[in-house]
Structures are given as structure tokens and as C-alpha cells.
Amino acid sequence: MSGWPVRYELLHVCRQSGARLGMVHTPHGSFETPAFMPVGTQATVKGMSPGELRDMGAGILLSNTYHLWMRPGQDIVREAGGLHRFMNWDRAILTDSGGFQVFSLADRRRITEEGVAFRSHLDGSRHVLTPEKSIGIQNDLGSDIMMAFDECTPWPAEHDYVKRSLERTTRWLERCVASHTRPHEQALFGIVQGGTFADLRKQSAREITSIDLPGYALGGLSVGEPAADMYHMLEEAVPLLPSGRPRYLMGVGSPDHLVEGSIRGIDMFDCVLPTRIGRNGTVFTARGRLIVRDATCAHDFGPLDPLCDCPVCRDHTRAYIRHLIKANEMYGLRLASWHNLYFLMALMRQVREAIREDRLLDLRDELRDRGTFDKKIRPL
């Protein structure tokens with residue numbers, strides 16, 4: 001289809017790794033890829049202002065269809081002029097379908113061919129989310145990129161179940177396309193499923209890409225499976241995705257996964273990890289994760305990360321941030337989240353520069369040797 005509202009431009013392919021540097025053009029601006037998308041579940045990235053997100057280089061945010069449907073409701077967002085105006089964000093927005101949140105309500109939902117019947121996590125009220133309903137909500141929200149309604153299979157799961165599930169996801173995608181009322185204003189991405197079964201990932205990739213869309217995603221990964229299995233699924237499925245469209249790996253945001261995913265041809269990532277662990281007093285550093293609330297930081301008057309140039313590291317010490325967190329001061333949790341988001345944005349700038357200079361594998365090895373991928377900070 002010509003005239004897609006979202007377009008991918010390939011800028012360079014890393015001769016060392018095969019990773020690609022690109023640009024995604026949307027109705028609300030363009031952003032370079034590979035890119036990490038901060039998650040603004042309820043029309044806000046927790047603790048962060050739109051200006052702060054712009055300053056750290058965010059070109060696109062993710063918001064959640066399910067949560068905005070439940071509260072404040074799609075009608076209010078539409079009345080406000082759409083999600084961009086409602087949250088005062090003038091750059092690109094991607095909305096997920098709401099499917100992952102509904103499927104996570106394991107004891108509150110029932111899956112049928114029609115859709116998913118469930119009880120709200122807020123008040124227990126009954127609702128049914130169908131492909132048509134998900135697309136209708138997203139049309140009202142007015143996001144630049146909309147995700148198709150899919151079934152995110154859990155891990156582990158039996159081969160037969162995953163096969164039935166991915167085939168239902170394909171049928172649901174067809175219904176999403178048929179009900180999309182704003183195809184020249186909002187781009188609809190399809191989602192490849194298939195669990196950790198290579199044959200099913202390939203089957204899903206073939207089925208989903210048989211429908212011509214402006215972009216494609218891989219879902220159902222980073223849900224508990226070993227990292228090696230996720231990387232294997234990327235190696236099986238990504239080559240089957242059209243090279244001229246954005247490739248989005250859903251729900252992935254740890255430093256190692258961002259780098260390894262980029263090496264395997266992924267353009268877009270999202271995850272709640274930086275703000276979630278920040279609110280728990282844990283931060284990313286060049287030498288691994290630091291639990292800043294630990295007693296070891298009580299007398300540490302250095303920055304969270306000596307190699308980071310974010311405002312948090314320039315202006316505050318580990319001891320001060322630990323004090324705020326221990327005192328339940330919201331500013332401490334905000335500072336930790338701010339640093340984490342900045343850290344991942346800076347990491348992706350490093351990744352893009354390494355692709356441009358044909359040395360992404362070298363950067364991966366440097367980061368690994370330094371301890372950046374470690375789950376616990378590496379001592380000096």
C-alpha cells in the first residue's frame with residue numbers, strides 16, 4: 001500500500017554485525033533506530049515530564065490501550081483532541097493493543113475466537129476486548145503506530161497450544177485490518193508469535209507478513225524464557241520480516257537484550273524495566289546494576305555512575321539519593337527512574353554510532369567486559 005503514515009528509511013548496515021541503522025518517519029516526527037521507547041502506560045512515563053523526555057532524546061513513547069480504556073476512557077481522550085494533546089507530547093506515540101494486559105489477568109479472563117472476556121482490575125466490572133474493539137480504542141487515541149490485537153502465549157507452553165494461538169492471532173489481524181478506520185493517519189503493525197518453537201515462529205512470520213502492513217513486531221518473548229532462546233527466535237524470525245519495514249521487539253529493555261536485539265536486526269524496543277527498577281531503588285551503571293538503597297551507598301558521595309553525564313549524576317550523590325529513597329521521598333524514586341531512562345537512551349546512541357562505524361560487535365564486547373550487562377554492580 002502506498003501512502004503509509006509511517007515509513008522506514010535504511011541508512012546503513014553494519015558490516016561487522018549486520019545490524020541496521022535507520023530512520024522511522026511518523027506524522028509526529030522522525031526518530032533514528034535502533035531506538036528504545038519509554039513506556040507511558042497511563043499517558044505518562046512515571047515521574048517524568050514531557051520536556052525531560054525530549055531533552056534525553058526520546059522520539060517516541062508507548063502508551064497502553066487497556067489502561068487508557070479503563071481510565072479515563074477513550075471518549076475523554078478523543079474529546080481532548082487525541083493522546084498527543086491529552087498528554088502534551090508532540091512526538092510519536094505507539095499504543096499496544098491491550099492484549100498483553102488482558103491475558104495477564106489469568107484468573108479474570110476467558111479467551112474465545114471472538115476475543116477476551118475479562119473483569120477489570122480496577123472494579124471487577126465485566127468487559128470484552130475484541131480485535132475490532134482494540135482498533136476502535138486506538139483509533140480514538142490517535143497514536144501514530146497501533147498494534148494489532150494478538151494472543152501473547154505464556155512460557156512455557158505446549159507446541160499444539162502455541163500453534164492454535166498463533167493461528168488465531170493471524171485471524172485476529174485480518175479483523176484488525178478490516179476494522180481500521182484511519183489507515184492513512186495511523187500505522188497498524190502486525191505481531192509475530194510462536195513461543196520458543198522455531199517452526200512456529202517461521203509459520204507466524206510467514207502468515208503475518210502475508211498481510212501488507214507498514215511494520216511488524218515480535219511478541220511473546222522476554223516472558224521468562226532463557227535469553228539464548230529469545231536470541232534464537234530472533235535469528236529464525238527476523239530474516240523473514242520485510243527489510244523495508246520497522247521491526248519491533250516488544251517488552252525488551254535490559255542493556256544486554258537491547259544490544260543483542262540490535263545485532264539481530266531489531267529497530268524498536270520498549271520496556272517498563274528502567275522506571276520499575278528505579279522505583280525499587282536500583283539503577284543501571286556502566287559496571288552493572290547498583291542497588292542504591294543498600295547501606296553501602298550511605299556514605300558514598302559519588303554519582304550513581306561516574307561515566308554518565310545525565311542531570312542526576314551531575315547534580316546528586318548516591319548518599320543523597322539513598323537518603324531520599326529510604327525516607328520514602330518521591331524525588332528519590334524520580335531521580336533513579338530519570339537516570340535509568342537516560343542511561344538506556346545513551347546506550348542506544350552508542351549502539352547507533354557503533355553501527356554507523358561498523359563496530360557493533362566490538363561495542364558489545366566492550367560493554368560485556370566492563371560489566372554493563374551484569375545484574376549486580378562489578379566492584380572496582
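Which residue in β3 does methionine 23 stand opposite? The legends below take this up first. The model is a predicted one, in which local features need pLDDT of at least 70 and side-chain atom pairs count only at pLDDT 80 or more, while totals for chains, interfaces and linings use all residues. Residues are numbered from 1 along each chain as its sequence is written, and side-chain values use heavy atoms, with hydrogens and water left out.

**View 1. An open, antiparallel sheet of 3 strands, in the order β1-β2-β3.** Strands are DSSP runs of E with at least two residues, helices are runs of H or I with at least four residues, and both are numbered from the N terminus; two strands pair if DSSP finds at least two bridges between them. Because β1 (7-13) and β3 (29-33) each have a single partner strand, they stand at the edges, with one side of each left without a neighbour in the sheet. Strand β2 (residues 20-26) is joined to β3 in the antiparallel sense over 5 bridges, and here methionine 23 stands opposite glutamate 32. Helix α14 (residues 330-356) packs on this sheet and touches β1, β2 and β3, its direction making about 120° with that of β2; contact means heavy atoms within 4.5 Å, and angles run from 0 to 180 degrees between N-to-C directions of lines fitted to C-alpha atoms, for helices over the stretch in contact.

**View 2. The largest nonpolar core, of 91 residues.** Such a core is a set of buried Ala, Val, Leu, Ile, Met, Phe, Trp, Tyr and Cys residues joined through side-chain atoms within 4.5 Å, where buried means under 20% relative accessible area with a 1.4 Å probe, protein chains only. Phe36, Leu53, Leu218 and Leu360 touch the most other members, and α14 supplies the largest share, 13 residues. Leaving aside neighbours within four places in sequence, leucine 53 is in contact with Pro38, Val45, Met48, Ala58, Leu61, Trp89 and Leu341.

**View 3. The packing of helix α9 (residues 227-237) and helix α10 (residues 255-263).** Their axes lie 10 Å apart at an angle of about 25°, and the two helices are therefore roughly parallel to each other, a term for angles under 35 degrees. The contact is made by Ala227, Met230, Tyr231 and Leu234 of α9 and by Asp256, His257, Glu260 and Gly261 of α10.

**View 4. An open, parallel sheet of 8 strands, in the order β4-β14-β13-β12-β11-β10-β6-β5.** Strand β6 (residues 92-96) pairs with strand β10 (residues 145-147) in the parallel sense over 2 bridges, and threonine 95 stands opposite methionine 146 in β10.

Technical notes: Buried < 20%, exposed > 50% of the residue type's maximum accessible area, 1.4 Å probe, protein only. Parallel < 35°, antiparallel > 145°, perpendicular 65-115°, else oblique.
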